[in-house]
Structure formats: structure tokens, C-alpha cells
Amino acid sequence: MKFPIFIADAFTAKAFRGNPAAVCLLENKLDEDMHQKIAKEMNLSETAFIQKLHPTDNFTQSSCFGLRWFTPVSEVPLCGHATLASAAVLFHKIKNMNSTLTFVTLSGELKARREEDGIVLDLPLYPAHPQDFHEVEDLIKTAIGDTLVQDIRYSPDTRKLLVRLSDTYNRSFLESLKVNTQNLPQVENTGKVKGLILTIKGEPDGQTQAFDFYSRYFTPWFGVAEDPVTGSAHTVLSSYWSQQLGKKVMHAFQCSSRGGELKISLRPDGRVDIKGRAALVLEGTLTA
């Protein structure tokens, strides 16, 4: 078994920032258990597998492919940064001739279109509903202790819990906040929550680099303590902050240690466009 493999840093133009994803180009169908073994070997938050849908397809000329994402421990239903990385490999390395690519995934058809200043992902937009604090109090206290909380929302579609911290906190506070993820799968083991989003309102206009909101994302339930930059989390964040700010177009920053930025535009059809860039940092051949 041999096939091309790449690592691209997504939601950044600089190597070693953003969120790294491995991208595998599969000419032929892979044994089912090999996906997970390869993802575990790569040991990145996600490994993407691009699969031809028809024997006559090719990676340079075809515009529609199958796409799956695996963490080191399990398959996931949606991954934005690995989709961006996959599109970047096809557009920039394989020189795919199309301006828009369609990926058939567990979350339906996702489109990625090439623009001069990045790649735009057409993703689902998921609502987040008010969540009673007492039902998730143990989870929140375990994760962030007595940090002041302003709002709590839950997205049943994605099983993500969105926790908005007090507006008295700024970006540097969120960046330096120590979050205890180790015990979260034991504290929340009902299956209701599979991802924790912490978010704060952005700085007012006039800053050198103004962002509408900041976030961090944690998903130890999928074996990833903290995900550096997360497209899927922004399918929930975009819905929430659009309502809070009364804006359809927003600029977001996920302030993990690697950091990454996302340009967001809510679409009239109820979906969301998320634009980002990607830096290819490794290419090679996987042999096994």
C-alpha cells in the first residue's frame, strides 16, 4: 500500500501556526480499519482521506470527491480545518483545474471554492439554544473553575457546549486561561456533550487587528485535548455571535497557542461561508 500524504496548516498563511491536518489521496478503496490506524500514526487532531467516487475520476480534473475525517481515536462527522487542508492540497499542490470542489461527507455535500486571498468553505450553520447552567455545572466547574460565565448555549446537532465568558475578560485572559480537559470525559459521560467552546466578545473597533469574537475549543471526548483552530466549532459560533452582534459578516480568531483566523459570512440559504488560508508543510508517500 502506497499513496501520497501531505500535512497542511489550516487557517493560517504561516507554517507552524493554525491547525495542522494530514491529507491522504486515495486512488483505491482503503480497508476500513486502516483509516483509524493511519490517523493514530499521524497523531494530529484530524487526518483527512480524499477518495475518488468513480474509477475514471482523477485528482487534477474531477470536481467531486469523497471525504472522511479521523482523530487519533475515532471518525468525526465534520471537520472544517481538514476540509480546508484537503482543498488546499488539491488546488495548490495537485493543481486541480476547477474553481469549486464538492466533498461528499457524513455532513452532506460541502463545497470549497478558490479565491485569491484564500479558500472559502460552504458549511452548515447550526443554532445553539439556551442551556440550563445546573445541568452542565459540573462540566464547566471542572474545566474552568470559578471563571465568570455570561451565557451558555447548547448545539444538539453538533453536541457542542458553547460557554461565553464574561465581557470583563479580554483576549489575553482567554489565551492564558488554564483549562482542565483531562477529567471532562468522566464528568460528562452521557454522550450529550462532545465538544466545549469557550468564547468572548471581541475588542471594539479601532484596534490594530479587530476581531468580532475570540474562542478556544476542547474535545477530549474525541481524544483531542485542545484543537488549535476549528471550522466545525465556528458553524455554531457564527450562528451565536451573528445573533448577539447583529452582523452577517465577521472576523474571528481562535486563540490557542498556534492561533488562527477565520473570515465568516452568513449566507441567505441558511449556511455559512468560512474563509481561511493554508500552508503546506510536508509532502511524502505513506507506505505500509
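The face of helix H1 turned away from its buried side carries Lys40 and Glu41, both exposed. Exposed means over 50% relative accessible area, buried under 20%, and partly exposed in between (1.4 Å probe, protein chains only). Helices (H or I, at least four residues) and strands (E, at least two) are DSSP runs, numbered from the N terminus. H1 covers residues 32–42, and its buried residues are Met34, His35, Ile38 and Ala39. Seen down the axis of H1, these fall within an arc of 135°, so they line one face of the helix. The arc is that of the directions from the helix axis to the C-beta atoms. Strands S1 (2–10), S2 (19–26), S3, S4 (64–70) and S18 (278–287) are among the elements that cover the buried residues of H1. Asn43 follows H1 and has a positive phi, near 55°.

This is a predicted model: local features need pLDDT of at least 70, side-chain atom pairs count only at pLDDT 80 or more, and totals for chains, interfaces and linings use all residues. Residues are numbered from 1 along each chain as its sequence is written, and side-chain values use heavy atoms, with hydrogens and water left out.

**The chain as a whole**

The chain has six helices and 18 strands. Its radius of gyration is 18 Å, close to the 19 Å that the globule rule gives for 288 residues, so the chain is as compact as a globular protein of that length. The radius is taken over C-alpha atoms, and the rule is 2.2 Å times the number of residues to the power 0.38. The C-alpha atoms fill a box of roughly 55 × 40 × 35 Å along the principal axes. Of the 288 residues, 54% count as buried. Contact means heavy atoms within 4.5 Å. Among contacts with a separation of 6 or more, 63% join residues 24 or more positions apart.

**Cores**

A nonpolar core is a set of buried Ala, Val, Leu, Ile, Met, Phe, Trp, Tyr and Cys residues joined through side-chain atoms within 4.5 Å. The largest has 51 residues; Ile50, Trp69, Leu90, Phe103, Ile119 and Ile264 have the most contacts inside it. Helix H2 (residues 80–93) gives the largest share, eight residues. At least three residues come from each of domain 1 (1–122 + 274–285) and domain 2 (127–268). These bounds come from an automatic or database domain assignment. Another core, of 25 residues, lies apart from it and includes Leu139, Ile152, Val163 and Phe211.

**Glu46**

UniProt, in an unreviewed entry, lists Glu46 for "active site". UniProt positions are given in the numbering used here, feature names are shortened, and annotations may be inferred rather than shown by experiment. Glu46 sits in strand S3 (residues 46–52). It counts as buried because its relative accessibility is 8%. Beyond four places in sequence, Glu46 touches residues including Trp69, Cys79, His81 and Asp227.

**Two loop residues**

Lys95 lies in the loop between H2 and strand S6 (100–105). Arg159 is in the loop between strand S10 (149–155) and strand S11 (160–165).

| Residue | Property and value |
|---|---|
| Lys95 | relative accessibility 56%, exposed |
| Arg159 | relative accessibility 35%, partly exposed |

Leaving aside neighbours within four places in sequence, Lys95 is in contact with Thr60 and Leu90.
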